[in-house]
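Reader: I want to learn how to read charged pairs and a helix in a structure. Can we work through one together?

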Amino acid sequence: MTKAVNTTVNNGGDDLAQNRLLSYLQDQLPFKVEEIKPIRKKVYLLRTQERAFILKGFSSYHRLKLQEAFTSSLMNEGFEKTYIFYEVAKEPPLFFDRTYFGCMEYIPPSEDVFTYYLKTNRLEGLELLKKFHDTTEKLVSRYQTVVPAYRQADKWRERATLFLNNLPVVRYFVQKEIINELLAWADWSLKGMEEEALLFQSGRQVILHGDVAHHNFLRAKDQSLYLLDFDLVAIGTPHSDYLQYANRILPFMKWSIDDLGKYPILKSYLGERGFLHALAFPTDIFREWNRVIRDRTYLDPVKIRPVLDLTVGQFAERQRFIKALKNAASEKSK
């Protein structure tokens, strides 16, 4: 489902574990694996004489079975723009190196990679997400005992707390005036969300995707668009996925609230005061700083450059965006 990197299983070093996995698979699968390529951690592309598969690792048997059931339910309800799992192991489940593996359909990718840089892609991704919500609304009652409820404000408070704990490192890179303004945006956002708490708790319930990053959309070889990776599904109102989607595309739109309002699906949400407050939360900035500090990659110039661009390079545009949000929210209060 994602382009595999050109790594073979015979290079030695890190490939020792990969060779062990290949040996295990040859014993467990009813077909010969001719090639195995890593895509990312615990995700591999398998090639056989007849076809290709994706092998994905899960931390527990429950997570694997939930993903199998959920993707099957999507298909049965008519949402076909995703993958399916195959039962291929001779002695299921596939279990190797303390990891449960699922064998999934491989969707050959187009050379035209999906990116939020293109407006046509942003619109198409939004339409696909809406179809996903329309489908998962029918599945909520079936999955409410196994899929967690999504608590937007709680998640962001946790993210903000971690960012505050990481400030000694952040201050090394970012001037205090910018940091103070980021924290003020977060405070205004969370207070407004508390006042409009019902927006995220009542009304239409769907199963949210939970991670609408561009890499979870796949442009297939036939040019149709697919939605991938349901590891973070949760039950909540559609607002949460659309908030995340807006946050992902705004950097490509120079943080323009007017341009955001030109997307029909998002326009109605911009009429809700709680949604406007939520849009102000600098979740992407907090997320990326928390990540590079957790991974200790903040001294790597390649890794820190996009984080600095997000924080400092886009600051003036984002400042204007927050001002526009506050004006719009103030109008809603009258």
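This is a predicted model: local features need pLDDT of at least 70, side-chain atom pairs count only at pLDDT 80 or more; totals for chains, interfaces and linings use all residues.

Reader: Take Arg204. Which residue does Arg204 form a salt bridge with?

Author: Glu137. The closest N and O atoms are 3.0 Å apart. Next, ask where each partner sits. Arg204 is in the loop between α7 (176-195) and β7 (206-208), and Glu137 is in the loop between α3 (119-136) and α4 (140-143), so the bridge ties together parts 67 residues apart in sequence.

Reader: What about a pair within one helix?

Author: An α-helix has 3.6 residues a turn, so residues three or four places apart point the same way. Now the case here. Asp187 and Lys191 form a salt bridge, with closest N and O atoms 3.2 Å apart. They are four residues apart in helix α7, about one helical turn. Asp187, at 39% relative accessibility, is partly exposed. Lys191, at 47%, is partly exposed as well.

Reader: Where does Glu196 sit, and where Arg273?

Author: Glu196 is in the loop between α7 and β7; Arg273 is in helix α11 (residues 273-279). Their side chains meet in a salt bridge, 2.9 Å from N to O. The pair links distant parts of the chain, 77 residues apart. Glu196 is partly exposed, at 28% relative accessibility.

Reader: Which residues are linked in a network of salt bridges?

Author: Arg40, Lys56, Asp229 and Asp231.

Reader: Now the helix. How do I check the span of α12?

Author: Compare the expected span with the distance between the end C-alpha atoms. Helix α12 (residues 283-294) has 12 residues, which at 1.5 Å a residue should span 16 Å; its ends are 16 Å apart, so the two agree.

Reader: How many residues of α12 are buried?

Author: 10 of its 12, so α12 is mostly covered. Among them are Ile285, Phe286, Trp289 and Val292.

Reader: What do the buried residues of α12 pack against?

Author: Other helices: α5 (152-165), α6 (167-173), α7, α8 (239-249), α13 (301-313) and α14 (315-333).

Reader: What comes just after α12?

Author: Arg296, with a positive phi of about 55 degrees.

How values were computed:
Residues are numbered from 1 along each chain as its sequence is written. Side-chain values use heavy atoms; hydrogens and water are left out. A salt bridge is a side-chain nitrogen of Lys or Arg within 4 Å of a carboxyl oxygen of Asp or Glu. Helices (H or I, at least four residues) and strands (E, at least two) are DSSP runs, numbered from the N terminus. Buried means under 20% relative accessible area, exposed over 50%, partly exposed in between (1.4 Å probe, protein chains only). The expected span of a helix is 1.5 Å times one less than its number of residues. Contact means heavy atoms within 4.5 Å.
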